[in-house]
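Reader: I have a structure to study and some questions about it. Can we take them one at a time?

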Amino acid sequence: MTTLVDELVPDELWRLVKPLLPLPPRPPYGGRHRTIPDRNCFAAIVFMARTSTPWRLLPAKELGCGSPATAWRRLAEWAKAGVFEQLHPQVLDRLGEQGRLDWSRASVDSGERARQAWGTT
């Protein structure tokens with residue numbers, strides 16, 4: 001049986017994401033370790049990106065991500081660790097290999113980051 005989490009984060013995508021995730025921080029003061037799976041929180045983040053739903057309306061129970069606050073904290077933690085910056089080119093590479101990119105609709109950022117990425121000044 002396919003779950004909502006499996007639909008939002010298929011195994012192929014999870015194989016790309018999982019190695020990029022930082023180790024969870026140590027529990028402060030010897031508290032308990034995380035019990036909410038990373039994949040469920042990532043599915044919540046994907047859900048939010050796809051639907052533009054306000055965080056307070058996230059179907060946390062159905063996604064098994066604890067609460068909207070839990071998913072939001074993981075998003076912030078992973079963004080700070082650069083997970084999404086690392087994931088983006090990997091997803092584009094995979095889509096390109098599958099011939100699923102339409103380069104006729106692409107745009108190039110002419111800003112500083114683009115110049116750095118291409119090694120120009």
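Reader: What share of the residues in the protein is buried?
Author: This is a predicted model. A residue counts as buried when its relative accessible area is under 20%. Of the 121 residues in the protein, the buried share is 26%.

Reader: Which pattern does the protein follow along the sequence?
Author: The protein has seven helices and zero strands. Read along the sequence, the pattern is therefore written with helices, as α-α-α-α-α-α-α.

Reader: How many of the residues of α3 are buried?
Author: Helix α3 runs over residues 38-51. It is mostly covered. Its buried residues include R39, N40, F42 and V46.

Reader: What covers the buried residues of α3?
Author: Other helices do part of this work. The cover includes α1 (4-8), α2 (11-17), α4, α5 (68-80) and α6 (83-97).

Reader: Is N40 buried or exposed?
Author: N40 sits in helix α3. Leaving aside neighbours within four places in sequence, N40 is in contact with V5, L63, G64 and C65. The side chain of N40 also reaches the backbone oxygen of G64 at 3.3 Å. The relative accessibility of N40 is 17%, under the 20% cut-off, so N40 counts as buried.

Reader: Which residues are linked with R39 in a network of salt bridges?
Author: R39 is buried, at 17% relative accessibility. The side chains of D6 and R39 meet in a salt bridge at 3.9 Å, N to O. D6 lies in helix α1 and R39 in helix α3, so this pair ties together parts that are 33 residues apart in sequence. A salt bridge at 2.9 Å, N to O, joins the side chains of D11 and R39, so the residues linked with R39 in the network are D6 and D11.

Reader: Where do R34 and E77 lie?
Author: R34 forms a salt bridge with E77, and their closest N and O atoms are 2.3 Å apart. The pair links distant parts of the chain, 43 residues apart. R34 lies in the loop between α2 and α3, and E77 lies in helix α5.

Reader: What share of the accessible surface belongs to carbon and sulfur atoms?
Author: Take the total for the protein. Its accessible surface comes to about 9,000 Å². The share that belongs to carbon and sulfur atoms is 55%.

Note on methods
Residues numbered from 1 in each chain as written. Predicted model: local features only at pLDDT ≥ 70, side-chain atom pairs only at ≥ 80, totals over all residues. Heavy atoms only, no water. Helix = DSSP H or I, 4+ residues; strand = E, 2+ residues; numbered from the N terminus. Buried < 20%, exposed > 50% of the residue type's maximum accessible area, 1.4 Å probe, protein only. Areas by Shrake-Rupley, 256 points an atom, 1.4 Å probe, with all protein chains shown as cover. Polar contact = N/O pair within 3.5 Å; in protein donor to acceptor, adjacent residues only side chain to side chain. Contact = heavy atoms within 4.5 Å. Salt bridge = Lys/Arg side-chain N within 4 Å of Asp/Glu carboxyl O.
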